[in-house]
Amino acid sequence: MPHTPDPDFDSLLPGRSTTEGSTRRTALQVALGMGYAAATLPIQAQTAIQTPATGLTAGTIRYSVDGFEVPAYHAAPAGKKNLPVVLVIQEIFGVHEYIADTCRRLAHAGYLAIAPELYARQGDPRKYTDIPALQREVVSKVPDAQVLGDLDGALAWAAAHGGNTAKAAITGFCWGGRVTWLYATSGRVKAGVAWYGRVEGTPNASTPLHPVDLANALKAPVLGLYGGKDQGITLDSVDAMKQALAKAGAGGNAAAKGSQFHIYPEAGHAFHADYRPSYRKDAADDGWKRMLAWFRQHGVA
């Protein structure tokens with residue numbers, strides 16, 4: 001099967017190292033020691049945000065879904081209960097340090113944040129250095145139905161560990177941005193924020209529907225944060241989603257009518273990913289503020 005370019009992969013290209021031999025091996029060891037996925041090397045150490053766990057309960061947990069133990073990273077304010085919950089959905093690279101750090105940032109903002117390893121049954125994406133192989137051998141084999149079931153399980157875990165799932169939201173990045181749109185149809189979250197997630201695609205057995213097909217099924221409003229210079233998710237694609245939402249909203253779907261986009265004209269893909277050359281601090285900071293405001297607006301606070 002021919003390889004389909006992925007925006008996460010494309011956004012890595014400007015910063016890919018061409019250094020060979022021991023330098024490459026040293027970089028690999030250092031980055032993996034910090035918890036970054038191998039395929040994302042080299043990291044941009046000067047911009048990678050490191051959020052401390054001071055005052056938080058944070059770390060890896062497991063919860064059971066249909067007899068499978070799903071690993072997840074979570075972070076929450078220590079000693080507090082009845083916390084609003086945010087599901088944090090990974091890029092194609094899995095739950096590595098960037099996603100864990102995002103959970104800690106949300107915990108410092110007062111949320112119980114949980115990021116499940118949504119490829120856990122298929123393989124460990126953090127071990128891959130070859131992105132086409134990662135897509136072929138792991139990502140393409142992850143069914144949407146499995147993902148949605150694992151997110152249900154994450155909410156159940158959160159409810160049993162200090163979370164108030166009546167105040168739940170979801171946010172995700174690239175691969176996870178698409179999942180954000182999908183899970184906003186579940187009725188289990190009050191709001192979603194999709195960071196540059198695909199909205200169109202070719203249906204297959206694992207991904208039978210895409211967000212543009214599901215606008216009328218939305219049960220929670222979604223804020224889409226996208227880059228105007230994203231070469232993988234074009235503004236034409238965003239416009240197609242806007243049209244689908246407008247049609248669904250005109251037909252009486254309140255969540256579709258309430259969904260919005262914000263475009264950062266000078267940003268490309270993965271502009272929030274502070275450890276990669278695609279990072280754009282102004283857009284990332286503004287998007288973060290908009291995300292927290294969106295959650296508050298829709299009762300997730």
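Predicted model: local features only at pLDDT ≥ 70, side-chain atom pairs only at ≥ 80, totals over all residues.

Visitor: How do you know that the length of helix H3 agrees with its 12 residues?
Guide: Helices are DSSP runs of H or I with at least four residues, and strands are runs of E with at least two, numbered from the N terminus. The expected span of a helix is 1.5 Å times one less than its number of residues. For the 12 residues of H3, 97–108, that gives 16 Å, and the end C-alpha atoms are 16 Å apart, so the two agree.

Visitor: Why is H3 called mostly covered?
Guide: A residue is buried under 20% relative accessible area, exposed over 50%, and partly exposed in between, using a 1.4 Å probe and protein chains only. In H3, 11 of the 12 residues are buried, among them Tyr-98, Ile-99 and Leu-106. The buried residues of H3 pack against several elements, including strand S1 (56–65), strand S2 (68–77) and helix H9 (281–297), where contact means heavy atoms within 4.5 Å.

Visitor: What makes the meeting of Glu-97 and Arg-104 a salt bridge?
Guide: The definition asks for a side-chain nitrogen of Lys or Arg within 4 Å of a carboxyl oxygen of Asp or Glu. For the side chains of Glu-97 and Arg-104 the N to O distance is 2.5 Å, and the whole structure holds 14 salt bridges. Glu-97 has 17% relative accessibility, so Glu-97 counts as buried, and Arg-104, with 8%, is buried as well.

Visitor: How do you know that Arg-290 and Asp-286 are about one helical turn apart?
Guide: Because they are four residues apart in helix H9, about one helical turn separates them. Elsewhere, salt bridges that share partners join Glu-97, Asp-101, Arg-104, Arg-105 and Asp-274 into one network.

Visitor: Why are S1 and S2 said to pair?
Guide: Two strands pair if DSSP finds at least two bridges between them. S1 and S2 have 10 bridges, in the antiparallel sense, and Gly-59 has His-74 in S2 as its bridge partner.

Visitor: Why is Asp-66 called exposed?
Guide: The relative accessible area of Asp-66 is 81%, so Asp-66 belongs to the exposed class. Asp-66 lies in the loop between S1 and S2, and its phi is positive, about 55 degrees, although Asp-66 is not a glycine.

Visitor: What makes Asn-82 count as exposed?
Guide: Asn-82 reaches 57% relative accessibility and therefore counts as exposed. Asn-82 sits in the loop between S2 and S3, and it too is a residue other than glycine with a positive phi, of about 55 degrees.

Key:
Residues numbered from 1 in each chain as written. Heavy atoms only, no water.
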